[in-house]
Amino acid sequence: MKIIVDTPENIAKMAAERYVTLLNKKPDAVLGLATGSTPLGLYGEIVKLYNEGKISFAEAKSFNLDEYVGLDGTHDQSYRYFMNENLFSKVDINPDETHVPGGKGDIAENAKKYEEMIAAAGGIDMQLLGLGQNGHIGFNEPGTPLASVTHEIELTANTREANARFFASIDDVPTHAISMGIKSVMNAKSIILIALGKNKAEAVAKSVKGEVDVMVPASVLQLHPDVTFYLDAEAASLL
Ligand code: F6R
């Protein structure tokens, strides 16, 4: 595991460079993407590089980590909407090659198909992760089995509270989500995790220095051969 500590601005630039390098080498790379507040700086930087003609997603495919159950892609808090707004509509990726788990209809069937689509695409080349305050990655809450693939999850009170800031009230935060599993994440060829701010420091410390423990899902990343944690000083403050 590699750990890089820098300012949020430099982290966004360094992480964006990872996409430039990957897509130069493999224009049809399969990208595992994340939502939430953490990747916004990175997506902004990628859009800037795209506008400068330094990166192209024309042949790339993407698979997002997760989606709320019950929200369709037109809901402004759905993760599909977030991705369209913050990245997909601003770069040259083929919309048909962007994938977000389906939060409507038969969730178990959506989950099964999602794994099949990732496998058919050849697996994920680079997976982007944020980090939950409780150590979750994707929506894999503490206790999610290591062998999990895309599945439906009941969100913890902690996660619903953390995400309530995006909704009118906590009652509007969905109770369930569909997420790639721990195994789906670990299958990625390389992984980049970004964590910013003091409220991530404890989860970062447990994930990096603690024992590998399913109660801290990100600690499992210690077992992956190609992981980089990009941290600001606050997120790294307990290391
Ligand atoms: C989002 C996701 C979540 C977030 C995590 C941190 O697709 O999978 O694991 O990365 O909840 O969220 P932020 O970045 O909003 O602090």
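**View 1. The pairing of Glu 154 with a residue of strand S8 in the predicted model.** Glu 154 has His 176 of S8 as its bridge partner in this predicted structure. The bridge belongs to the pairing between S7 and strand S8, the latter made of residues 176-179, and four bridges join these two strands, which run antiparallel.

**View 2. An open sheet built from three strands.** The strands follow one another in the order S4-S8-S7, and their pairing is antiparallel. Strand S4, covering residues 66-68, and strand S7, covering residues 151-154, are the edge strands, since each of them pairs on one side only. From one strand to the next, the twist averages 25°.

**View 3. The packing of helix H1 against helix H2.** Two packed helices are described by the angle between their axes and by the distance between those axes. Helix H1, residues 8-25, packs with helix H2, residues 40-51, at an angle of about 55°, and the two axes lie 8 Å apart. Because of that angle, H1 is oblique to H2. The crossing formed by H1 and H2 is right-handed.

**View 4. The residues in the contact of H1 with H2.** On the side of H1, the contact is made by Ala 12, Lys 13, Ala 15, Ala 16, Glu 17, Tyr 19 and Val 20, while H2 contributes Gly 41, Leu 42, Glu 45, Ile 46 and Leu 49.

Conventions. Residues are numbered from 1 along each chain as its sequence is written. This is a predicted model: local features need pLDDT of at least 70, side-chain atom pairs count only at pLDDT 80 or more; totals for chains, interfaces and linings use all residues. Side-chain values use heavy atoms; hydrogens and water are left out. Two strands pair if DSSP finds at least two bridges between them. Axes are lines fitted to C-alpha atoms, for helices over the stretch in contact, and angles run from 0 to 180 degrees between N-to-C directions. Angles under 35 degrees count as roughly parallel, over 145 as roughly antiparallel, 65 to 115 as roughly perpendicular and the rest as oblique. A crossing is left-handed if the near helix is turned anticlockwise from the far one by less than a right angle, and right-handed if clockwise. Contact means heavy atoms within 4.5 Å.
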